[in-house]
Amino acid sequence: MKELPRSTAKDVFSHLLAIAMLYVGVISFITMLLEYINVKFPDALNFYYTGSLESIRASMASLIVVWPIYILMSWIINKDLADRPEKSQIGIRKWLLYLTLFITAITIIVDLVTLVNYFLNGEITTRFILKVLVVLATSACVFAYYLWDLRNEGESKSKLPKKCAIASSAVIVIAIALGFYFVGTPAQQRQVRFDGQRINDLATIQNQIVDFYGQKKALPADLDSLNNTITGVVVPTDPDSKLSYEYIIAGDLDFQLCATFTTDQSTSKTAIIAQPMYYGAYGESSQNWTHTAGRVCFDRTIDPTIYPDYIRK
């Protein structure tokens, strides 16, 4: 009986790293496509646009790093198998291939069960069908390739691994390029973060103005009046230009806060909503901070009925 070759430390390292990169890459790829579907077909009851963009960026970063590593390790493994075909029988390779087949088979089964369940419940939608197809197609491709790899056992010098590597890499590149369409370039994302900080600053200033009114029953004359060395309150300035934000008194209870933005967040899906303003013990409210690019002013009116007389006697 012919003795089977034993796994070396190099074999264990190569196969474990390759399979780990495969799992991370496949999960990132599926996650990214699912988030694309969420953005294009948003669920009105369960959709967080900013969260989807963050998930897309994380998936893109993972794929950019792990997929080239997976391709490289697969090339090293296949080159080693071509030189020593008997290594196709080593334990680490067999175990990892069967584990991969098991995981992908379970994924396909669960995916199909979910499809049938939703169909029977009459809850089939376009976004659901697309998500099922993404998971099913990706899992089926991985299953088919590794089933072939397991059966091949290094006996034939097939060009299939090379073709699959090229095809999968092309699909990954297209998916990543599509990601830039959704999240924008790094420079654009930096501008979005600057505008997000401006919104946070304006919300902070608004809260400080409201607190000032609650204590003194009058609007502050200017933003400098909000600075307080005892409480540590310092009015924020524009994070990029370092200039002060505009504060305009429009009446006894009315005021405007103005800033200059670099991005357009006026559509409903990209509107930035500030966190609820806390008015001490007198309730809380959320304000919409939707803006276009350029100078934008936000009109605010204080409701004096939420500040009873016992605040200041």
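**Exercise 1. The cavity**

Task: Describe the largest cavity, which has a volume of about 50 Å³, and find which residues line it.

Solution. 
- Step 1: Settle the terms. On a 1 Å grid over the protein atoms alone, a cavity is a set of points where a 1.4 Å probe fits but cannot get out, and lining residues have an atom within 4 Å of a point. Grid points are joined across faces, edges and corners, and the volume is the space filled by probe spheres set on the points.
- Step 2: Know the model. It is predicted: local features need pLDDT of at least 70, side-chain atom pairs count only at pLDDT 80 or more, and totals for chains, interfaces and linings use all residues. Residues are numbered from 1 along each chain as its sequence is written, and side-chain values use heavy atoms, with hydrogens and water left out.
- Step 3: Count. The structure holds one cavity of 30 Å³ or more.
- Step 4: List the lining of the largest cavity. Its residues are Lys-10, Asp-11, Ser-14, His-15, Ile-76, Ile-77 and Asp-80.
- Step 5: Find the elements. Helix H1 (9-40) and helix H2 (49-83) each give two or more residues to this lining. H1 gives the most, with four residues. Helices here are DSSP runs (H or I, at least four residues) and strands too (E, at least two), numbered from the N terminus.
- Step 6: Sort the lining by type. Two residues are nonpolar, two polar and three charged. Ala, Val, Leu, Ile, Met, Phe, Trp, Tyr, Cys and Pro count as nonpolar; Asp, Glu, Lys and Arg as charged; the others, Gly among them, as polar.

**Exercise 2. Salt bridges**

Task: How many salt bridges does the structure hold? Examine three of them.

Solution. 
- Step 1: Define the contact. A salt bridge is a side-chain nitrogen of Lys or Arg within 4 Å of a carboxyl oxygen of Asp or Glu. The structure holds eight.
- Step 2: Return to Asp-80 from the cavity lining. Lys-87 pairs with Asp-80, with the closest N and O atoms 3.1 Å apart. Asp-11, Asp-80 and Lys-87 are linked in a network of salt bridges.
- Step 3: Check burial. Buried means under 20% relative accessible area, exposed over 50%, partly exposed in between (1.4 Å probe, protein chains only). Lys-87 is buried at 7%. Asp-80 is buried at 17%.
- Step 4: Take the next pair. Arg-93 and Asp-149 meet at 2.9 Å, N to O. Arg-93 lies in helix H3 and Asp-149 in helix H4 (residues 126-152), so the pair ties together parts 56 residues apart in sequence. Arg-93 is buried at 3%, and Asp-149 is buried at 10%.
- Step 5: Take the third. Asp-238 and Arg-198 have their closest N and O atoms 2.6 Å apart. Asp-238 lies in the loop between helix H6 (186-216) and strand S1 (246-249), and Arg-198 in helix H6, so the pair ties together parts 40 residues apart in sequence. Asp-238 and Arg-198 are both buried.

**Exercise 3. Chain and contact**

Task: In what order do the elements of the chain run? Then place Ser-62.

Solution. 
- Step 1: Count the elements. The chain has six helices and five strands.
- Step 2: Read from the N terminus. The order is α-α-α-α-α-α-β-β-β-β-β.
- Step 3: Buried residues make up 36% of the 313 residues.
- Step 4: Find its partner. Ser-28 is 34 residues away along the chain, yet the two C-alpha atoms are separated by 6.6 Å.

Note on methods:
1 Å grid on protein atoms, 1.4 Å probe; cavity = no way out; pocket = protein on both sides within 12 Å on 5 of 7 lines; lining within 4 Å.
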